[in-house]
Amino acid sequence: MRVDNLREAYGQELLAVAQEDDRVVALDADLCGSTMTIYMEKELPERFLEMGIAEQNMVSVAAGLSLSGKIPFVNSFAVFAAGQPYNQIRQGVALPNLNVRIVGSSCGLSDAGDGATHQSIEDIAIMRAIPNMTIVVPVDAEETRKVVRASLRHQGPIYIRISRSSLPLLTDPNTEFEIGKMLCLAEGTDITIFATGIMVFQALQAREMLSQKNISVRVVNVSTIKPLHREEVLKYIKGVRGIVTAEEHSIIGGLGSAIAEVLCDRIIPMKMVGIKDQFGQSASTHEELLQYYKLTPEAIIEKVKALLNRD
Amino acid sequence: MDNKKIRELEKKAKIIREGILDCIGVDKKGHLGGSMSSADLVAALYFYKMKINPKNPADPERDRFIFSKGHSVLAQYAALAELGYFPKSELKRTKELGSILQGHPEIRTPGIEANTGSLGQGLSIGVGMALTARLDHRKYRVYVIVGDGELCEGQIWEAITCANFYRLDNLVVIVDHNRFQASGAIQERYNLGNIKAKFEIYGWKTWEIDGHNMAEIVSALDQTDRVKDSPCAIIAHTIKGKGVSFAENNYSFHNNSLTQEQYEQARRDIASIQV
């Protein structure tokens, strides 16, 4: 399967849309070589604003840019983009519903080496609690490009969560994408897996292995975690015997919680795959951490089997 | 500027102070102290310095004013009502459920340019607007009033260094230096030292004025027009609660309610201001 890098795709597409639309401005806090806004800096230096290592100022400056007609993309690692300027996002951006795009790069455990300080495991939870905020987690490089493009037509703030890793291409240029919609990537009748980000591929692998045991699993890519499309959630659980959610994020407040909020008045068994209320740590590779924190096809399979009471 | 024009501005400041009392009313909590201390500064901005058009509040060429010390917005509400952005009758509905006039500034209110109130953010927002003016080759200027207590916020110093880095000569900060924060005198609570020197060391052009002397305010604002390549800071020495006898230099009226008696006294105090 072909893989492609999400942050590369992001940086290139940001430059592409900026070349077409002069409202687009990139702000970065000394991480342009990692967030890949470096393409903007090279090609459109006037609309690349180095903000220094000062994320709070960066977000409020973006609010000011937006209030005067620009579409600012604020860039840092997810842990800093969502965490450091929480109140600036809440009061200055989300409350007035401004067109600021907060791009949380190197999300989840994908900055493996840097350890817990640089790994965002609660950013979705933080952003999800803020009214007016939209949250999008692109599943691959192709979808990343579409999110960047679609964000220009979206009213209100968006938190975009980008992995540092290269991920398998699960969609192609013709795959439909719309902020607010989810996408069923594979059909199945026993269990529905709602997955996001890197866990979508894990879910597809789990599905493949389970099919050999005659267990039929549907895999839904939930790239827009907020607003969560309630009707689509209900549609995709029709007829199945249980649900598994899978995310590279704390099980508190992320995709699993969001799905549970939709289904809390229904009787359908549900299990969550995610990080269990603990911090990350350093490792040589992202893959190693995914194994350690049980964000794997095997972990998903275990949940599916438990739901079906099968070993 | 001739004396007649100065007196006209002083009259506007008096109207603003009356409007602040409209907002606060009787037995309702309101940020009287910081609103009164900034009334003359707000009057000079809205009725003299800024190019604005209440009939076209979204004019892209308009000058911007951001009240970073958002709790003092009552002074801004009074000015906006006087300019016709909304009816003066709205002032008495300040902070009521469903009112267009919230406890802190929100852009839902006609004439308000940014949401502020969580201290420390407004100057950065002003930096963003000033950067847009440069990107779009527009001539508008951005004015931000910050509180002296607010200068404790770390983000303020991020914005101060940022404005200097980008040499934003279209950005003017006025420090409403009333020497009191919510819990007491700044000197005693959390001494900031020499504010003017701090701005200067970060590369800002600075002035120090009497923030209740209209001629000085106007003169300093006019001088900022001529500055090239650096942002401007006016340190305005003010009196918290200015104009209301019992509230002057009294931090307990930072955010407090007025009894009927106090309200009437405040009315008489403002009415007696000679202009």
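Me: Which residue is the bridge partner of B:Val175 in strand 7 of chain B?
Reply: In strand 7 of chain B, B:Val175 has B:Ile235 as its bridge partner. Please keep in mind that this is a predicted model, in which local features need pLDDT of at least 70 and side-chain atom pairs count only at pLDDT 80 or more, while totals for chains, interfaces and linings use all residues. Residues are numbered from 1 along each chain as its sequence is written, and chains are lettered from A, with ligands numbered from 1, in the order in which they are written.

Me: How many bridges are there between strand 3 and strand 7 of chain B?
Reply: Six bridges link strand 3 of chain B to strand 7 of chain B, in the parallel sense. Strands here are DSSP runs of E with at least two residues, helices are runs of H or I with at least four, and both are numbered from the N terminus; two strands pair if DSSP finds at least two bridges between them.

Me: What order do the strands have in that open sheet of chain B?
Reply: The five strands of this open sheet in chain B follow the order 1-2-3-7-6, with parallel pairing. Strand 1 (64-67) and strand 6 (205-210) of chain B are at the edges with a single partner strand each, so one side of each has no neighbour in the sheet. From one strand to the next the twist averages 20°, where axes are lines fitted to C-alpha atoms (for helices over the stretch in contact) and angles run from 0 to 180 degrees between N-to-C directions.

Me: And strand 3 of chain B, is it enclosed or open, and why?
Reply: Strand 3 of chain B is largely enclosed by the rest of the structure, because seven of its seven residues are buried. Buried means that 20 or more other C-beta atoms, placed from the backbone, lie within 10 Å of the residue's own; exposed means 12 or fewer, and partly exposed is in between. B:Leu171, B:Val173, B:Val175 and B:His177 point one way from the strand, whereas B:Val172, B:Ile174 and B:Asp176 point the other way. In a regular strand the side chains alternate between the two faces of the sheet.

Me: What does strand 2 of chain B do next to strand 3?
Reply: Strand 2 (residues 142-147) of chain B runs parallel to strand 3 of chain B and is joined to it by six bridges, and B:Ile145 has B:Ile174 as its bridge partner in strand 3.

Me: Which strands does helix 9 of chain B lie across?
Reply: Helix 9 (residues 214-224) of chain B lies across strand 3 (171-177), strand 6 and strand 7 of chain B, and runs at about 170° to strand 6. The loop between strand 6 and helix 9 of chain B holds B:Asn213, which is partly exposed, with 16 other C-beta atoms within 10 Å.

Me: Switching topic: how many residues of chain A are in contact with chain B?
Reply: The count is 24 residues of chain A in contact with 22 residues of chain B, contact meaning that C-beta atoms, placed from the backbone, lie within 7 Å. Helix 4 (55-67) and helix 6 (86-94) of chain A are the elements that give two or more residues to the side of chain A that touches chain B, and helix 4 of chain A gives the most, with nine residues. By class, that side has ten nonpolar, eleven polar and three charged residues; Ala, Val, Leu, Ile, Met, Phe, Trp, Tyr, Cys and Pro count as nonpolar, Asp, Glu, Lys and Arg as charged, and the others, Gly among them, as polar.

Me: What domains does the assignment give for chain A?
Reply: For chain A the assignment gives domain 1 (3-168) and domain 2 (183-306), with bounds that come from an automatic or database domain assignment. Their C-alpha centres lie 25 Å apart, and 27 residues of domain 1 are in contact with 31 residues of domain 2.

Me: Last one: is A:Lys303 buried or exposed?
Reply: A:Lys303 counts as buried, with 21 C-beta neighbours inside 10 Å, and its place is in helix 13 (residues 297-307) of chain A. Leaving aside neighbours within four places in sequence, A:Lys303 is in contact with A:Val244, A:Lys271 and A:Val273.

Technical notes: Two residues are in contact if their C-beta atoms, placed from the backbone, lie within 7 Å.
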